[in-house]
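Dear colleague,

I am passing on the structure we talked about, and my notes on it follow below. Please read them with the model open beside you.

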Amino acid sequence: MTLFHSPLSPFVRKVMVVLHETGQLDRVTLQPVNISPVSGDPQLNQDNPIGKIPALRLEDGTVLHDSRVICEYLDLQHVGLPLLPREGSARWRRMTLVSQADAIMDAAVSSRYESFLRPEDKRWDGWLQAQGDKIRRSLANLEQEHLPELMSGFDLAAIGVACALGYLDLRQPEFGWRERQPGLAAWYAEVAKRPSMVATSPVA
């Protein structure tokens, strides 16, 4: 399999952590790409018309894209404990947490693009404020409602939240989320020590 890859993408990191956690890293060849919202990669665009990463080309030529799709596929390919419940209400609850983690990453990446790529005189302060509000609400909800679930195991939901927090530390260290969410900070301090997280830690 071939994974279209950039080490700074939190969505790619999520897939990489899953590969480490499920013992499938040696099944994948990494294909580095350097893209932005206004600059694509020809090979990636050929395999994934959306032009986004991560994208995973399977051995039969099928290309999967979107980190949630790829992570669920990988979760079905290993022999260990599943990273998501296979059925029932627990599955939908965990998938909702996966989606919430992705939304934090979406807002953080959007903020990065707005503040770094867009010319200063064209930046939209209201947009940046709205993205920050989404992140703050989501982190407060995780702190208040979901810490026991996150602490119950390092599954796809926990992996997503950990990668989202890591991206905030990388791109928005001034966000100061640890002061507002001390329980989440303590949880993250522990999971950040996992070999899968250490091996995929991004460096700007």
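C71 is buried, with a relative accessible area of 2%, and C163 is likewise buried at 1%, where buried means under 20% relative accessible area, exposed over 50% and partly exposed in between, using a 1.4 Å probe and protein chains only. The sulfur of C71 lies 8.4 Å from the closest cysteine sulfur, which belongs to C163, and that is too far for a bond. A disulfide is a covalent bond between the sulfur atoms of two cysteines. With a disulfide taken as a pair of cysteine sulfur atoms within 2.5 Å, the count comes to zero.

Please bear in mind that this is a predicted model, in which local features need pLDDT of at least 70 and side-chain atom pairs count only at pLDDT 80 or more, while totals for chains, interfaces and linings use all residues. Residues are numbered from 1 along each chain as its sequence is written, and side-chain values use heavy atoms, leaving out hydrogens and water.

Turning to the helices (DSSP runs of H or I, at least four residues, numbered from the N terminus), the axes of α5 (residues 125-151) and α8 (residues 182-191) come within 8 Å and cross at roughly 45 degrees, the axes being lines fitted to C-alpha atoms over the stretch in contact, with angles from 0 to 180 degrees between N-to-C directions. In contact, meaning heavy atoms within 4.5 Å, are L139, L142, E143, L147, L150 and M151 of α5 with P182, G183, L184 and W187 of α8.

Best regards

Definitions and conventions: Helix = DSSP H or I, 4+ residues; strand = E, 2+ residues; numbered from the N terminus.
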